[in-house]
Each structure stands twice: as structure tokens, then as C-alpha cells.
Amino acid sequence: SLEEILAEQEGEGEGRLEVEPLASTASAVHWTSQPEHFPVSSTIQLPRGSPKPIPRVQHAFGKESLGAKSDREQKLAAIAEAFEHSWKGYKKYAWMQDELSPVSAGNRNPFCGWAATLVDTLDTLWIMGLKEEFAEAAEAVRGIDFTTSARRDIPMFETTIRYLGGLVAAYDISDRKYGHLLDKAVQLAEIMIGAFDTPNRMPVTYYYWMP
């Protein structure tokens with residue numbers, strides 16, 4: 001039952017926490033907006049004026065020899081092959097789950113069960129030139145419901161880098177053509193902002209989101 005799952009998770013607070021999915025007979029609990037306990041009464045305004053120029057970070061590459069080019073292209077091909085193999089395995093055995101278990105061909109959900117691998121991989125799919133795979137995965141994001149999870153505590157670090165960062169990066173790198181990725185990022189951010197409702201507005205590490 002949902003009560004038993006919550007009892008088992010009481011006080012857990014771990015970045016990775018595998019939880020069993022809710023039974024088909026259990027009613028899912030959904031996040032709803034909560035009144036603030038420590039509302040912000042004043043803010044410091046951002047500075048005005050023109051920003052200082054930022055120096056170039058990217059290395060200025062010189063002329064590439066034929067040998068160096070051949071070596072680089074072979075490495076790129078090996079990386080691309082390994083990535084595509086991993087993605088096909090995830091798609092076949094763990095689609096819309098957090099992680100693939102490669103040995104058992106199963107899956108795990110230690111990060112709230114919101115398809116962590118799929119969201120975290122979106123920008124890589126685009127960079128790799130796998131535009132059809134990107135479009136398919138981006139469309140699947142519509143089916144993620146960030147308002148509910150079998151896990152009662154949201155790990156803020158993992159959720160920020162894997163989900164929120166993954167959505168924003170994918171939206172930006174794809175020339176902002178997939179607006180629903182930004183919409184999903186906003187939905188998740190609205191939930192996560194509750195973790196900042198503390199006396200000093202510093203977020204808790206694990207946000208117990210259930211009302």
C-alpha cells in the first residue's frame with residue numbers, strides 16, 4: 001500500500017533510492033501548490049549597465065595533420081557506436097524508466113521514476129546528430145508527470161542536474177523549437193521551489209514534497 005511505501009522511506013534521504021512502483025490499486029498522490037512559510041519580503045536588485053566582455057574560452061585549434069584527423073575521426077566513430085548501442089538498449093529494455101540494468105536487461109527507478117536517462121540524454125542525442133531519436137524522446141517527455149512519484153523525497157541535486165538541466169539544455173540546443181520541454185521544466189521548477197521555503201531561503205537537500 002502507499003502507507004507501507006511511505007513508512008519504508010521515512011527518513012531515507014539518499015541521492016539514489018530505489019522504490020517499488022505503486023500497486024495498481026493504490027491511489028497516486030499528486031503535488032499541489034502549498035502556501036509559503038517564509039515568503040520573500042525584499043530582494044536585492046541586479047546591477048545595471050553593460051556587462052564586462054568575457055574572454056574566449058574555446059581553444060584556437062591550428063592546422064590538423066592527416067594522421068591526427070584520422071585518429072580523431074576513429075575515436076569519434078567509436079564513441080558514437082558505443083552511445084547508439086547504449087541508447088538502443090535503454091529504448092528496448094527500460095524506456096521511460098530511470099535506468100537500464102544492462103546485465104539483467106531490466107530497469108531501475110532511483111530518481112523518482114521520471115525517465116532520468118531519457119531526459120538527461122536529450123542534448124547528447126542532438127549533439128550526436130540523432131535528430132529522429134531526439135524528436136521521439138522529446139515527444140515522450142510529454143508523458144512524464146512530475147507532480148507524482150512513488151518516492152516521497154525529491155533529491156534536489158540529482159533532480160536539478162538530470163531533469164531540470166536536461167530539459168533546459170535540450171530546449172536551448174534544439175533552437176527552442178520544442179516548447180513543451182520548457183513547459184515541463186517550468187512545471188518541475190514550480191515543484192522544486194518549495195525546497196527553498198526555509199528561513200534563510202537556502203534549499204533543503206531532500207524535498208519532502210507530499211502534502
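The model is predicted. Across the whole structure, a search finds 12 salt bridges. Side chains of opposite charge can pair when their charged atoms come close.

**Overall build**
- The chain holds 6 helices and 4 strands, and from the N terminus their order is α-α-β-β-α-α-β-α-α-β.
- Along the principal axes, the C-alpha atoms fill a box of roughly 65 × 55 × 30 Å.
- Of contacts between residues at least 6 apart in sequence, 70% join residues at least 24 apart.

**Surface and interior**
- The chain has 211 residues, and 32% of them are buried.

- K75 and D71 form a salt bridge, at 3.1 Å from N to O.
- Both residues sit in helix α2 (residues 66-93), 4 residues apart, so about one helical turn separates them.
- D71 is partly exposed, at 36% relative accessible area.
- K91 and E136 also form a salt bridge, at 2.8 Å from N to O.
- K91 belongs to helix α2 and E136 to helix α4 (residues 131-140), so this pair ties together parts 45 residues apart in sequence.
- K91 is partly exposed at 36% relative accessible area, and E136 is partly exposed at 35%.

**A salt-bridge network**
- E99 pairs with R108 in a salt bridge, with the closest N and O atoms 3.1 Å apart.
- Through shared partners, salt bridges join R16, E99 and R108 into one network.
- E99 is buried, with a relative accessible area of 12%, whereas R108 is partly exposed at 31%.

How values were computed: Residues numbered from 1 in each chain as written. Predicted model: local features only at pLDDT ≥ 70, side-chain atom pairs only at ≥ 80, totals over all residues. Heavy atoms only, no water. Helix = DSSP H or I, 4+ residues; strand = E, 2+ residues; numbered from the N terminus. Buried < 20%, exposed > 50% of the residue type's maximum accessible area, 1.4 Å probe, protein only. Contact = heavy atoms within 4.5 Å. Salt bridge = Lys/Arg side-chain N within 4 Å of Asp/Glu carboxyl O.
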